[in-house]
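Here is a short briefing to read beside the sequence and the 3D view. Keep both open as you go.

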Amino acid sequence: MTINEIQDEIIEEFSGFDDWMDKYQLLIDLGNEQEPLDEKYKVESNLIDGCQSRVWLQADYEDGVIRFTAESDALIVKGIVALLIRVLSGHTPREILDADLYFIEKIGLKEHLSPTRSNGLLAMVKQMRMYALALAKR
């Protein structure tokens, strides 16, 4: 699936809910479904700067694509990072760098996050793009 097809799928899933409490619950569920991050990756160098909660992000480059894994100690943030992984993981560095992450706006995520969570979201996207930029040069 392309990045845009995955984004459209997420928009469709979130459009089934009118109430933001239900959308937050969906985010929490997505975070809980995520595989826990291996303890060896929970190191200082994998912590994302700019997040109020602790978020570890690991990027592995194999067969020309980046595979992201992550974990957070905050439920909603864990769901947000799960969405980002779903959209960006398994794609080439170029696809990640060229992606317009319109799903964030379309599902209303940005406007329903606190300023600190919104900054955290931007920090997660920035870090994923930084990995892609570094790996694109290989």
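How many bridges join strand β1 to β2, and do the strands run parallel or antiparallel? Eight bridges join them, and the two strands run antiparallel. Keep in mind that this is a predicted model. The points below go from this strand pair to one serine, then to the core and a helix.

**The strand pair**
- Strand β1 covers residues 55-62, and strand β2 covers residues 65-72.
- β1 and β2 form a hairpin with two residues between the strands.
- In this hairpin, D63 takes a positive phi near 55°.
- L57 has its bridge partner in β2, and that partner is A70.

**Serine 72**
- S72 lies in strand β2.
- Is S72 buried or exposed? Its relative accessibility is 5%, so S72 counts as buried; the cut-off for buried is under 20%.
- The side chain of S72 comes to 3.1 Å from the backbone oxygen of R54.
- A polar atom of that S72 side chain also lies 3.1 Å from the backbone nitrogen of A74.
- If neighbours within four places in sequence are left aside, S72 is in contact with S53, R54, V55, V77 and K78.

**The largest nonpolar core**
- This core has 45 residues.
- Which residues touch the most other members? They are F68 and L84.
- Beyond residues up to four places away in sequence, F68 touches L57, Q58, A59, I85, L88, S89, I96, M128 and Y131.
- One of these contacts of F68, L57, is the residue whose bridge partner is A70.

**Helix α1**
- Which residues of α1 are buried? They are I3, I6, Q7, I10 and F14.
- Look down the axis of α1: the buried residues fall within an arc of 100°, so they line one face of the helix.
- These buried residues of α1 pack against α2, α3, α4 and α5.

Key:
Residues are numbered from 1 along each chain as its sequence is written. This is a predicted model: local features need pLDDT of at least 70, side-chain atom pairs count only at pLDDT 80 or more; totals for chains, interfaces and linings use all residues. Side-chain values use heavy atoms; hydrogens and water are left out. Helices (H or I, at least four residues) and strands (E, at least two) are DSSP runs, numbered from the N terminus. Buried means under 20% relative accessible area, exposed over 50%, partly exposed in between (1.4 Å probe, protein chains only). A polar contact is a pair of N or O atoms within 3.5 Å; within protein, one must be able to donate a hydrogen and the other to accept it, and residues adjacent in sequence count only if both atoms are side-chain atoms. Contact means heavy atoms within 4.5 Å. Two strands pair if DSSP finds at least two bridges between them. A nonpolar core is a set of buried Ala, Val, Leu, Ile, Met, Phe, Trp, Tyr and Cys residues joined through side-chain atoms within 4.5 Å. The arc is that of the directions from the helix axis to the C-beta atoms.
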